[in-house]
Amino acid sequence: MMHPNDPELRSFVDVEPDGDFPIQNLPYGVFSTGSAPQKRVGVAIGSLVLDLAVLEQEGMINLGTSEAVFAQPSLNAFMALGPEIWSATRKRISTLLRHDQPELRDNAKLRQRALLPLDQVVTHLPLAVAGFTDFYSSKEHATNVGVMFRGKDNALQPNWLHMPIGYNGRASTVVVSGTPVRRPRGQVKPPGADAPSFGPCKRLDFELEMGVVVGQPSTMGKMLTEVEAEAMIFGFVLLNDWSARDIQQWEYVPLGPFQAKAFATSISPWIVTREALEPFRTKGPAQSPEPLEYLRQTGDNNYDLRLDVDLQAGDGRAARICSTNFKYMYWSSVQQLVHHASSGCAMSVGDLLGSGTISGPEKHQRGSLLEISWGGSEPIALPGGDTRTFLEDGDTLSIRGWCRNDRYRLGFGEVAGRILPPD
Ligand code: CA
């Protein structure tokens, strides 16, 4: 049997050469249609969605469960079945979609029911988010923010090089791409002001991140090894951790961000599996000093994953404001998960871990407006003469990500959101 990542594989479904969803990808999402509004699980292939609920009902995918796993409004039930089932299911879907396999290809009636145009479905949040944790693992981002908030002598806190710094965020406000984001209100105290005030955020920002979807639980009181943590990772999504910088600056001492990041986090609708990303592993930055033993890793632990950010003003004109790569992250996703469970903290099916803002060493690789406009002091030019330091009402921020080797391209689609005026 050919491995689902084999570059030789072709599908009977057409895939544009530069499309996000070749047969080697097979990302999972949750969708519905106007004529069939119940949410169910599907896989994106080319410009179509394969309805897994239909295939499961027809007995073409058998997971050995008494309850339907794919006729569900989230991927949590499927994820709970574990990595062996994830792998076997991906193989089965890959086989069903191959150009040289007749089972689905030659069943016109089933094809019509099970393959739907992507542009005619509504995508939903693909998982029931159990918990959301956000890390701070790009050295370039942490240094840039540190310089602006505390000066360059105290940019990187003394603990930063020894562990992945993070905080427990809000699962309740994680939303799928396309959901508008209302400008938050909050308490601020601008530099020079005598007293704090409460009102609409004036420094609304995005943060370019990847999200790790945890598909398996861990036991309270038990640490995780590198191997155990890796096996728990179901897949990855694009993530925008919307941030209110003026609220953040006033509230973040001593316990870190609270309301500044609690109002919305957007993710892309398609979860690209860890297995599909295997061919794109690459080395991360050298870690010095060497991490403590429980955090040590060998091998290639990062991913060569290109990331682009576009800002579209209300009038429709867009500018590329950042191009960077996930490979720059100092702490890997596995190290983040190992550290998260190191106190005995139990992880749950459906936990979402934000990587932290992904900036790179170059100026065009900065993953937030805070860094791009250097705290608002260097406005960026948009087409048509408009400028921006932070997001304005009516702006749309979109992030795209993809991997490419010399054989195929594998993409994440996008995560986009438009800013609405305050309530
Ligand atoms: Ca963040």
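Let's start where a helix ends: α6 is followed by G151, whose phi is positive, near 90 degrees. Helices here are DSSP runs of H or I with at least four residues, strands are runs of E with at least two, and both are numbered from the N terminus. The model is a predicted one, in which local features need pLDDT of at least 70 and side-chain atom pairs count only at pLDDT 80 or more, while totals for chains, interfaces and linings use all residues. Residues are numbered from 1 along each chain as its sequence is written, and side-chain values use heavy atoms, with hydrogens and water left out.

Stepping back along α6 itself, you will find twelve residues reaching 15 Å from the first C-alpha to the last. That is close to the 16 Å expected at 1.5 Å a residue, where the expected span is 1.5 Å times one less than the number of residues in the helix. Within α6, H141, A142, N144, V145, G146 and F149 are buried; buried means under 20% relative accessible area, exposed means over 50%, and partly exposed lies in between, with a 1.4 Å probe and protein chains only. An α-helix has 3.6 residues a turn, so residues three or four places apart point the same way. The cover over the buried residues of α6 includes α8 (245-251) and α11 (369-372).

Beyond the end of α6, the chain runs into a loop that holds a ring pair. W160 sits in the loop between α6 (139-150) and β7 (166-168), and Y330 in the loop between β21 (318-325) and α10 (333-340). The structure holds 13 aromatic pairs.

Now look for the calcium ion. Its protein donors are D134 (OD), E207 (OE), E209 (OE) and D241 (OD), lying 2.1 to 2.3 Å from the ion. Donors are N, O and S atoms within 2.8 Å of the metal (3.2 Å for Na, K and Ca), and since water is not among the atoms, sites may look incomplete. Along the sequence, the donor residues follow the spacing D-x72-E-x1-E-x31-D. E209 counts as buried at 0% relative accessibility, and D241 is buried with a relative accessible area of 0%.

Most residues other than glycine have a negative phi, and most peptide bonds are trans. The bond from V253 to P254 is cis, with omega near 5 degrees, and P254 lies in the loop between α8 and β16 (265-267). The bond from S288 to P289 is also cis, with omega near 5 degrees, and P289 lies in the loop between β18 (281-282) and β19 (302-303). L26, not a glycine, has a positive phi of about 55 degrees; its place is in the segment before β1 (28-32), and it is buried at 1% relative accessibility. W374, likewise not a glycine, has a positive phi of about 45 degrees. This residue lies in the loop between α11 and β23 (380-381) and is partly exposed, with a relative accessible area of 24%.

Finally, consider the whole chain, which is divided into domain 1 (28-124) and domain 2 (131-420), with bounds from an automatic or database domain assignment. Their C-alpha centres lie 30 Å apart, and 20 residues of domain 1 are in contact with 18 residues of domain 2, contact meaning heavy atoms within 4.5 Å. About 1,500 Å² is buried between the domains, 68% of it from carbon and sulfur atoms. Y28, M79 and W86 supply 38% of the area that domain 1 buries against domain 2, more than any other three residues. Buried area is the accessible area (1.4 Å probe) that two parts lose on being put together, summed over both.

Y28 and W86 also belong to a cluster of ring pairs with F70, F78 and F234. T273, in strand β17 (residues 272-273), is buried at a relative accessible area of 6%. Leaving aside neighbours within four places in sequence, T273 is in contact with Y28, R90, F234 and G235.

Methods. Phe/Tyr/Trp six-rings, centres within 6.5 Å; stacked < 30°, edge-to-face > 60°.
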